[in-house]
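Here are a few exercises to work through with the model open beside you. Try each one before reading its solution.

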Amino acid sequence: MTLHRRGFALAVVVLAAAVLGSPAWAGVPTEQLKSQIDRVLKVLDDPDLKKENRAHDRRASVRRIANDIFDFSETAKRSLARHWQSRTPAEREEFVQLFGDLLERSYISKIELYGGEKIGYIGESMDGDLATVRTRIVTRHGSEIPIDYKMHHLGSRWLVYDVTIEGVSLVANYRTQFNKIIQTSSYAELVKRMKTKQEEFLEDERQRRTSQK
Amino acid sequence: MERTRVNTAVGIFLLLGILALGYLSIKLGRVSFLGASGYVVIVDFPSVGGLKAGSNVEIAGVEIGRVETIRLADYQARVTLRLNADVKLQEDAIASIKTKGLIGEKYLKISPGGSDKLIPPNGRIREVEAPVDFEELLSKYIFGKV
C-alpha cells in the first residue's frame, strides 16, 4: 500500500516537473539556473523568514544566492561599457560593489512581492561560451512575462550577466543611463549619485526598522 | 554643316542628361555597384518587426551603416549590416531595433560595449534586443487582468 502510494506521489512529481519546466532537453545552464531559482523560492516560501521583522534576513539570503548565480562584475563591466576601460582596478572594484547595491535596491526588494507565480523554463540556446535561458513567469491573472537570462561560462559554472524582461535588456538600460551621466557630467558624479542613493536607502531602512520596534 | 553641329550639340546635351539621371538614381537609391565599401556584420533577432533592407544603423544617432539584407535562418531573422570601415564594434556591443519617435520608421541602434575584443568582418553581434511590440504589450494589459 505504502509502495503504491509512493509510486503515485512520484508520478505526480514527475508530471508536475514535466508541466512546470525542466524537460528532458534542459542543458547545464538551465539546470544551474533552475537550482538557484528554486533556492530563492524556498527562501521566499519559508514561513519563518516571512515575519515582518525578518525582512532584512530574507533579503540578505536572497542576495547571497544571487551572488552565486549572477556575475555582478561582468554585468557592471558591460553596463559601464566604454568607460570601464579607463577605470583603475580600485575604481572598478568600488563600482561593482555600488552596482550590486543598486541592483539589490531595485530588484531584490521587488522580489519580496512574489506571491506564488509559476516559472516555466521554455528553452535554451547555446552559442560557444554564451547561453540564453528563456523562462516565463505566469502571473496569478494568467498573463505571461517572458524573462531571458543571458549566461556565460566561467570555470565549471554558468553565470548570469544580463536579464531581458519583455525584450528589454538590463545591461542596455543601464548602459544608456550611465553613458548619459558620464557624458553630461563625469564618472565621479555617477559614483557620487550612486553613493547618495545607497545612503538614502540605508537611512530609510533604518528608520523603518526603528519605527517597527 | 550647320545641321551636323546642331545635331552633335543636342546629342551631347542628351548624353549629359542621361548621365546626370543615372548619377541621381544611384545616389538616391543608395546603390553601390562599384564594390561596396566597409565591412559586413551579422545579427540574429527573434523578430525584426518593421526593419527593412536599407534601414539606418546608428551609434549615438549618427549613421554608421545600413541594413543590407534580412532573411530567415532557423526561424530567426538574420540581419546583415554593412558598416563604415572606420567604425569598430566591441564584442559586447548591443544591437537593438528602435523606432524613430512613437510611430516612426525602424532603425538599428548599436550601443558600443567595453570589451577589448572587437567583432571582426563577417563576425556576429551576439547581444541583441528585439523591438518592443507595443500592441502585444497593450493586449497584455487589456486582456491580462481576468
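**Exercise 1.** How many residues does the contact take from chain B, and how many from chain A?

Before we start: this is a predicted model, where local features need pLDDT of at least 70, side-chain atom pairs count only at pLDDT 80 or more, and totals for chains, interfaces and linings use all residues. Residues are numbered from 1 along each chain as its sequence is written, with chains lettered from A and ligands numbered from 1 in the order in which they are written.

*Solution.* Call two residues in contact if their C-beta atoms, placed from the backbone, lie within 7 Å. Chain B then gives 16 residues and chain A gives 20 residues. On the chain B side, β5 (94–99) and α2 (134–143) each supply at least two residues. Helices (H or I, at least four residues) and strands (E, at least two) are DSSP runs, numbered from the N terminus. That side of chain B splits into six nonpolar, five polar and five charged residues. Here Ala, Val, Leu, Ile, Met, Phe, Trp, Tyr, Cys and Pro count as nonpolar, Asp, Glu, Lys and Arg as charged, and the others, Gly among them, as polar.

**Exercise 2.** Work out the strand order in the open sheet of chain B, and find its edge strands.

*Solution.* Strands pair if DSSP finds at least two bridges between them. Tracing the pairs gives β7-β1-β4-β3-β2-β6-β5-β8, eight strands with mixed pairing. At the edges sit β7 (124–125) and β8 (127–129) of chain B, each pairing on one side only. Now zoom in: β1 (residues 39–45) and β4 (residues 76–83) of chain B run antiparallel over seven bridges, and Tyr39(B) stands opposite Leu83(B) in β4(B).
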